[in-house]
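Subject: Structure for you to look at

Hello,

Here is the structure I promised to send over. Please open it alongside this email, and I will walk you through what turned up.

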Amino acid sequence: SCPAHGRCGKMAAPMSRGSRGPEPGAAPYGNFPNYSRFHPPEERVSLLPQGLLRSLFPAATRPLLGLDVGCNSGELSVALYQHLLGLQASSSSPEPPGAGKELKLLCCDIDPELIQRAQQSSPFPASISFASLDIMDSRAREPFLSSYLQRFGRSSFDIGFCMSVTMWIHLNHGDRGLLEFLALLASLCTFLLVEPQPWKCYRAAARRLRRLGRDDFEHFRSLRINGDMAQSITRILTQECAMELVCSFGSTTWDRSLLLFKSTSAHPQGSD
């Protein structure tokens with residue numbers, strides 16, 4: 001079975017913080033307080049080649065803008081930032097001069113407590129912004145994202161990250177919600193890196209809720225998009241969202257591939 005993992009979705013139910021702390025996997029939207037203990041960020045970023053940003057954006061105006069959806073408490077966001085810029089993973093070092101000119105990363109999660117923790121522990125406050133946002137709430141999302149982009153005179157992000165988030169969107173918003181979510185990311189980002197959870201993790205998440213005596217995920221039994229989720233998400237993004245699969249960066253030891261897509265419709269900055 002899958003240990004506690006995944007992130008983001010809709011508004012999270014408050015977690016019981018008893019003497020033993022919250023039950024791993026009890027968060028219906030994947031907002032686990034100790035996510036990175038189960039899946040260390042280093043293992044996932046190590047699958048990405050060095051110099052990826054330079055190869056994707058050889059001549060684009062800097063800074064590049066990144067969007068990380070469902071960032072949890074930020075450990076993976078920070079690891080991605082360090083890896084993409086070739087920085088040493090030492091939290092004691094101050095932010096290197098010029099790093100923020102290369103990449104600005106906006107990271108959002110539905111859980112305000114996890115965002116608060118991310119803000120307090122971030123070693124790169126000038127370059128990485130953390131914000132509490134339900135990405136599926138268009139009334140909150142649209143003004144928030146557009147005001148961030150306008151600060152840089154931009155209308156889209158250069159690269160988006162969706163790391164173990166798709167299952168939580170899917171379980172809480174159904175097939176239609178997953179399609180909406182993927183279409184949204186495709187419209188917002190020139191490149192998109194997705195780490196889909198495999199179907200066995202859906203079953204494990206549903207089992208955990210039942211074991212805790214909670215109601216089942218509202219949509220779990222009615223999902224028509226199921227089975228090989230990496231394949232399904234690739235099909236949706238390539239056939240319905242004007243993206244192409246650029247690369248699959250292998251799988252982590254916990255059986256998740258990192259899939260990199262590129263928009264085939266013209267974004268203002270793009271990778272030209």
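**What is in the chain**

The chain's secondary structure comes to 10 helices and 7 strands; helices (H or I, at least four residues) and strands (E, at least two) are DSSP runs, numbered from the N terminus. This is a predicted model, in which local features need pLDDT of at least 70 and side-chain atom pairs count only at pLDDT 80 or more, while totals for chains, interfaces and linings use all residues. Residues are numbered from 1 along each chain as its sequence is written, and side-chain values use heavy atoms, with hydrogens and water left out.

Of the 272 residues in the chain, 56% are buried; buried means under 20% relative accessible area, exposed over 50%, and partly exposed in between (1.4 Å probe, protein chains only). Among contacts with a separation of 6 or more, 74% are between residues 24 or more positions apart, where contact means heavy atoms within 4.5 Å.

**The sheet**

The 7 strands form an open sheet with mixed pairing, in the order E3-E2-E1-E4-E5-E7-E6. Two strands pair if DSSP finds at least two bridges between them. Strand E3 (128-132) and strand E6 (243-251) are at the edges with a single partner strand each, so one side of each has no neighbour in the sheet. On average, neighbouring strands of this sheet are turned by 20 degrees against each other, direction ignored. For this and the helix directions below, axes are lines fitted to C-alpha atoms, for helices over the stretch in contact, and angles run from 0 to 180 degrees between N-to-C directions.

E1 and E2 run parallel and are joined by 6 bridges, with Cys108 in E2 as the bridge partner of Val69. E2 also pairs with E3 in the parallel sense, over 5 bridges, and Cys107 stands opposite Phe130 in E3.

Strand E1 (residues 64-69) also pairs with strand E4 (residues 157-163), in the parallel sense over 3 bridges. Here Leu67 has Gly160 in E4 as its bridge partner.

**Helices against the sheet**

Helix H4 (residues 75-84) packs on the sheet and touches E1, strand E2 (103-109), E3 and E4; its direction makes about 165 degrees with that of E2. Helix H10 (residues 229-240) lies across strand E5 (189-195), E6 and strand E7 (257-263), and runs at about 5 degrees to E7.

Which residues of helix H6 (residues 112-121) are buried? They are Leu114, Ile115 and Ala118. These residues cover an arc of only 100 degrees around the axis, so they are on the same side of H6; the arc is that of the directions from the helix axis to the C-beta atoms. An α-helix has 3.6 residues a turn, so residues three or four places apart point the same way. The buried residues of H6 pack against E2 and E3. At the start of H6, a side-chain oxygen of Asp111 comes to within 2.9 Å of the backbone nitrogen of Glu113.

**Two residues to look up**

Asp68 lies in strand E1 and is buried, with a relative accessible area of 0%. Its side chain is joined to that of Ser77 by a polar contact of 2.6 Å. A polar contact is a pair of N or O atoms within 3.5 Å; within protein, one must be able to donate a hydrogen and the other to accept it, and residues adjacent in sequence count only if both atoms are side-chain atoms. Leaving out residues up to four places away in sequence, Asp68 touches Ser77, Leu106, Cys107, Cys108 and Phe161.

Ser263 is in strand E7 and, at 8% relative accessibility, counts as buried. A polar atom of the Ser263 side chain lies 3.0 Å from the backbone oxygen of Ser265. Not counting residues up to four places away in sequence, Ser263 touches Cys189, Thr190, Ala242 and Met243.

**Cysteines**

How many disulfides does a search of the whole structure find? It finds 0, a disulfide being a pair of cysteine sulfur atoms within 2.5 Å. Cys201 counts as buried at 1% relative accessibility, whereas Cys247 counts as partly exposed at 27%.

Best wishes
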